[in-house]
Amino acid sequence: MPAVPKRRTPRSRGNRRTASNYRSPSLPTLVACEKCGELVQPYHVCPNCGQYRGRQVLEAKEE
Ligand SMILES: [Zn+2]
């Protein structure tokens, strides 16, 4: 005999469960750049100084 729910899940409870799974996509995660301290996305080249993991990848805005 298969496992069968005894009661129908109330709509309010189903909504609550869905809400707990939902993360609002408001702000992306940011970390401080090692070089200039600018807030940048992790695992991305810093748009301010053009460095990624201590390596110059892009042209720096100002030298
Ligand atoms: Zn930087």
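This report covers a zinc site, a pocket and a few residue positions in a predicted model.

## About the model

The model is predicted, so local features need pLDDT of at least 70, side-chain atom pairs count only at pLDDT 80 or more, and totals for chains, interfaces and linings use all residues. Residues are numbered from 1 along each chain as its sequence is written, and side-chain values use heavy atoms, with hydrogens and water left out.

## The zinc site

Which residues coordinate the zinc ion? They are Cys 33, Cys 36, Cys 46 and Cys 49, each through its SG atom, at 2.2 to 2.3 Å. Donors are N, O and S atoms within 2.8 Å of the metal (3.2 Å for Na, K and Ca); water is not among the atoms, so sites may look incomplete. In sequence, the donor residues follow the spacing C-x2-C-x9-C-x2-C. Cys 33 sits in the loop between β1 (31–32) and β2 (39–40), and Cys 49 in the loop between β2 and β3 (51–52), so the pair ties together parts that are 16 residues apart in sequence. Helices (H or I, at least four residues) and strands (E, at least two) are DSSP runs, numbered from the N terminus.

The site is tetrahedral, with angles of 106 to 116° among the four donor atoms. Four donors count as tetrahedral if all angles lie between 85 and 135 degrees; four count as square planar and six as octahedral if opposite donors are over 155 degrees apart and all others between 65 and 115; anything else is irregular. The ideal angle for four tetrahedral donors is 109.5 degrees.

Accessibility has three classes: buried is under 20% relative accessible area, exposed is over 50%, and partly exposed is in between (1.4 Å probe, protein chains only). Cys 33 is buried at 10%. Cys 49 is buried as well, at 8%. Cys 36 is partly exposed, at 32%.

How many disulfides does a search of the whole structure find? It finds zero. A disulfide here is a pair of cysteine sulfur atoms within 2.5 Å.

## The largest pocket

The largest pocket has a volume of about 250 Å³. On a 1 Å grid over the protein atoms alone, a pocket is an open set of points where a 1.4 Å probe fits, with protein on both sides within 12 Å along at least five of seven lines; lining residues have an atom within 4 Å of a point. Grid points are joined across faces, edges and corners, and a volume is the space filled by probe spheres set on the points.

The pocket is lined by 15 residues. Glu 34, His 44, Gln 51, Tyr 52 and Arg 53 lie nearest its centre. β1 and β3 each supply at least two residues of the lining. The lining divides into eight nonpolar, four polar and three charged residues. Ala, Val, Leu, Ile, Met, Phe, Trp, Tyr, Cys and Pro count as nonpolar, Asp, Glu, Lys and Arg as charged, and the others, Gly among them, as polar.

## Tyr 43

Tyr 43 lies in the loop between β2 and β3. This residue has a positive phi of about 65°, although it is not a glycine. Is Tyr 43 buried or exposed? Tyr 43 is exposed, at 74% relative accessibility.

Ala 3 belongs to the segment before α1 (11–21). Ala 3 is exposed, at 82%. Ala 3 and Arg 23 are 20 residues apart in sequence and 30 Å apart in space, C-alpha to C-alpha. Arg 7 also has its place before α1, and it is exposed at 71%.

Leu 58 is found in the segment after β4 (55–56). Leu 58 is partly exposed, at 47%. Its C-alpha is 8.6 Å from that of Cys 46, 12 residues apart along the chain.
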